[in-house]
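Thanks for coming, everyone. Please have a look at the structure on the screen, and then I'll walk you through a few points.

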Amino acid sequence: MREVRRTLAFMLRTAWREKPALFGSYLLLFVGDTVATMKSVLIPKLLLDELLLVTEGAPLSEHLRLIVLYAALTVAIDVLVRATNGVADRTKGEIAQWFQEYCDMMIGEHAMKMDYEHTEDPDALDQLNKAREGMSWYSGGVVGILDCVYRIALNVTVLCGVTTLIFTRCPLLLPIQLIALLMISWLTARINGIDTRNFVRLSRLNRIFSYVLFQLASFQYGKDIRLYDSSRMMGDKAKEKSDEMADIWREQALEQMRYSWGIDIVNVLRDGISYFYIGMLAVRRVISVGDFTMCMLSAAQLYNSLQNIIISVMDIKKRCSYAYQFILFLDYPAAMQTGERSLVDTGGKGHVITFCDVSFRYPRSDKYVLRHLNLTIRQGEHLSIVGLNGAGKTTFIKLLCRLYEVTEGEICIDGVNIMEYAEEEYRKLFAVVFQDFRLFAFSLRENVAPGLEAVDEERIEQVLTQTGLYEDAQKLSDGLDTMIYKSFDEKGVELSGGQQQKTAISRALYRDAPIVILDEPTAALDPVAEYEIYRQFHALVGGKTAIYISHRLSSCRFCDHIAVFADETVKEYGTHDELVARADGIYAEMFRAQAQYYVDSNGA
Ligand code: ADP
């Protein structure tokens, strides 16, 4: 019940805030539908009684005026209601479409705001999928749910009208309709219960099925799928899930069929008994022929209205339980705390970063990736982090960027725990290029300057030149407007690995943030190109704080300090010369191992 109340309140509030015109449409529909329904019950009785009087010998001239009036009224009401309903339905349809996009946007925006750790949490991913599906055709979204509310209001009004009519002419019809309805409602509730039960099962299967289909159709994965010949494996997986879904649908249809037959039987019995009862009243002349018609029409209407109310109540419950998944997603726990504090303006001198006794393990994992790590990065310092794969370098960056919360210890910027800073302001501190950065299927320009601010063409040109991508960009068919990937434009290009990395680095440079981080985004570049980029970067970053992660130690030489990560902590720390001088040091050994590849035939 709570989920229905919450969902309804949410939908009503959202509709009132965003599109109050929707309520105008419902009001117009309400007036039109009520008048049209009552007309269809009352006017046939009035017409029939007048016609019967004429056939029984009453003078036509006395009754003709009324007969014409009733006929004209029928036509006039029909035309008017059709016109107003047309307008109202059109407006409602447009608003429904608008809300569909609005809710999709809300899901997207919330997914971006959610704590990063949830992006790897299967429960959160499932919830996102349920929110998306629950808010689409399963519930019909905002308008789908408000339609149910509208149907209840309309049918309650019509019900009051026809009950009064029946009560005055053929009162026994009321219990007959009511009993039939209770039986049918029970049967319908069973059918809906089966639907809801299967929704959860189907949603999970659908997520896996959609994922496989997406991979198969995705341009970016095309190479891997072809080269590893994994399309058959993918196809088998998709088929397996599709078969499982088909089994569920089949099982559901069979289970529901029994209840559908029950509904048909109750309907037949109800109509037979009703006709018999009213027919007897008419034969015994307790009611007129017009009343007979009115009673039958009212009974049908009463039944329809009652059924509509019950179906709408159940429907609203069902739709709300689907749409509630959307609300649950929106208030998905933001486990990470965030503060209000602003960063101190250091006048462009950068910030001091301190890791104090930091230990960390990933959510849902017992293994510590970092333990008792202490490190200070001074204002404007250029730090290089090296270490073997899995040493925790990227994790260190993720913690600094507040994508995860430390398990123990604290990270401070300018002496204040980073959790105390306001989130948006904090994020602006960083320009990061991760190893697994992603480019968008938009133009090259939009990839370099993806923010909301007006694009600074000169700066784009400058950063592309600095990363060595400008010349390549000039050769593209539409220059900077060339689309990356072919998802939206067949003339789109797939950049080489190195070009993609240069694009990502250009994006970081363009952002102009006080702390710049390169987490080994240069692996696809040859050593000389990487050396060039790091050298350039070092000059470009200038007085800003910079953190570089690279496997190639030649790139570390420019840095003020080098931190060597091993055994879940900072094992060695110092300048390049200091670390190389430690004969048994990890860094020295790594350096010696790599140096042999770069020594030319003269030993230089
Ligand atoms: P590096 O950047 O030094 O190669 P990472 O920081 O990426 O190392 O990874 C450190 C360790 O943390 C590895 O053992 C890795 O498997 C683990 N790890 C990384 N990401 C996750 C995650 N999301 N969940 C659980 N473990 C993770």
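Start with Gln-466: beyond its neighbours within four places in sequence, Gln-466 is in contact with Leu-509, Gln-536 and Leu-540. Contact here means heavy atoms within 4.5 Å. Gln-466 sits in helix H13, residues 457–466. Helices are DSSP runs (H or I, at least four residues), numbered from the N terminus. Is Gln-466 buried or exposed? Its relative accessibility is 17%, so Gln-466 counts as buried. Buried means under 20% relative accessible area, exposed over 50%, partly exposed in between, with a 1.4 Å probe and protein chains only.

A word on the source. This is a predicted model, where local features need pLDDT of at least 70, side-chain atom pairs count only at pLDDT 80 or more, and totals for chains, interfaces and linings use all residues. Residues are numbered from 1 along each chain as its sequence is written, and side-chain values use heavy atoms, leaving out hydrogens and water.

Now the domains. An automatic or database assignment sets the bounds: domain 1 is 2–195 + 263–330, and domain 2 is 353–439 + 495–598. Their C-alpha centres lie 62 Å apart. Five residues of domain 1 are in contact with five of domain 2.

How much area is buried between domain 1 and domain 2? About 530 Å², with 47% from carbon and sulfur atoms. That is the accessible area (1.4 Å probe) that two parts lose on being put together, summed over both. On the domain 1 side, Tyr-116, Glu-117 and Glu-120 supply 79% of the area buried against domain 2, more than any other three residues.

Conventions. Helix = DSSP H or I, 4+ residues; strand = E, 2+ residues; numbered from the N terminus.
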